[in-house]
Amino acid sequence: MARAYGSRARMALAFETTYGTAPASGFTRMPFASTTLGAEQPLIDNELLGYGRDPLAPIKDAITADGDVVIPIDAAHFGVWLKAAFGAPVTTGTAPGPFTHVFTSGAYELPSMSIETAMPEVPRYAMYTGCRLDSLSWQMQRSGQLQATASLVAQGESRAGTAQSGTVATLPLKRFGNFNGQVTRNGSALGNLVSAQVTYTNNLDRIETIRSDGRIDGADPTIAALTGQIELRFADEALVDQATNGTASTLEFGFALPGGESFTLTAHEVYLPRPRVEIAGPQGVQASFDWQAALDSAAGVMCTATLINDEETY
């Protein structure tokens with residue numbers, strides 16, 4: 001009997017024309033490190049009395065389909081997740097490239113996706129339809145793998161013994177690394193930075209209506225949020241002064257490859273809380289700022305994500 005192994009697992013993704021309906025074609029193979037995307041249906045204890053001490057059969061509860069996908073931040077595939085987070089980009093450039101894809105926050109409508117995860121040994125091909133991206137987050141540090149976590153809300157799951165994704169397209173995998181990263185504040189490199197964390201959230205509202213199939217009717221975006229944390233070696237009071245004065249600054253989180261590919265997320269108007277600066281011992285003093293971004297009236301948006309690569313469209 002064959003056993004499923006993550007080393008043989010595959011994932012394919014396509015954007016839907018109709019919410020909750022998997023397209024017949026147009027799937028792209030997606031790299032991933034791990035995923036918890038799945039559907040579950042708990043059981044409700046039977047509360048009825050009069051049949052003795054042994055319980056009656058439980059009742060099925062509603063179906064919940066959601067989960068996280070841990071993905072690499074790369075020059076091509078990451079644009080798919082940015083489209084899921086922000087909506088379709090404005091793309092400029094001429095063939096054969098490079099092309100500049102500009103994603104902006106604030107879209108009222110977000111695209112939905114169908115995602116198939118495959119375990120061919122079993123075989124098990126699970127298609128998750130009506131997937132919308134709830135949040136996208138990543139951690140920047142001096143070393144280690146550069147990965148992002150995409151949190152998804154799906155409408156439902158269907159399982160089959162063969163692949164439903166058809167012919168799957170592939171994109172080149174050119175990963176960014178922490179070594180390629182930089183954070184700037186008002187256009188200047190942010191010095192003494194130890195780590196940075198970024199989270200963009202759509203705050204999806206699940207439409208949980210009464211249906212015979214137990215699925216949700218949709219997942220609609222509400223007020224978006226862009227938050228994170230920067231941790232620095234304490235060398236000056238510039239950020240503390242900004243927090244005390246309640247003024248805003250621009251933070252830019254970027255990665256670039258020698259071939260010209262780059263990804264930049266610009267938070268146009270960032271506010272900092274006043275931190276507690278602790279002296280924990282003889283080692284260097286560090287300060288953490290849990291920042292929040294807001295709508296910038298000049299830019300007209302809260303944030304802008306710019307991806308430069310050789311992909312003509314998303």
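Leaving aside neighbours within four places in sequence, which residues is Thr117 in contact with? The model is predicted, so local features need pLDDT of at least 70 and side-chain atom pairs count only at pLDDT 80 or more, while totals for chains, interfaces and linings use all residues. Residues are numbered from 1 along each chain as its sequence is written, and side-chain values use heavy atoms, with hydrogens and water left out.

Thr117 is in contact (heavy atoms within 4.5 Å) with Arg10, Met11, Arg124, Tyr125, Ala126 and Tyr128, neighbours within four places in sequence being left aside. Thr117 lies in strand β10, residues 113-119 (strands being DSSP runs of E, at least two residues, and helices runs of H or I, at least four, numbered from the N terminus). Thr117 is buried at a relative accessible area of 11% (buried, under 20%, with a 1.4 Å probe and protein chains only).

One cavity of 30 Å³ or more was found in a search of the whole structure (a cavity being a set of points on a 1 Å grid over the protein atoms alone where a 1.4 Å probe fits but cannot get out; lining residues have an atom within 4 Å of a point). The largest cavity has a volume of about 40 Å³, the space filled by probe spheres set on the points. Its lining consists of Leu82, Phe86, Leu136, Trp138, Tyr200, Phe263 and Leu265. Two or more lining residues come from each of α1 (78-86), β11 (124-140) and β21 (262-271).

Zero disulfides were found in the whole structure (cysteine sulfur atoms paired within 2.5 Å). Cys131 is buried, with a relative accessible area of 0%, and Cys303 is buried, also with 0%.

Conventions:
1 Å grid on protein atoms, 1.4 Å probe; cavity = no way out; pocket = protein on both sides within 12 Å on 5 of 7 lines; lining within 4 Å. Buried < 20%, exposed > 50% of the residue type's maximum accessible area, 1.4 Å probe, protein only.
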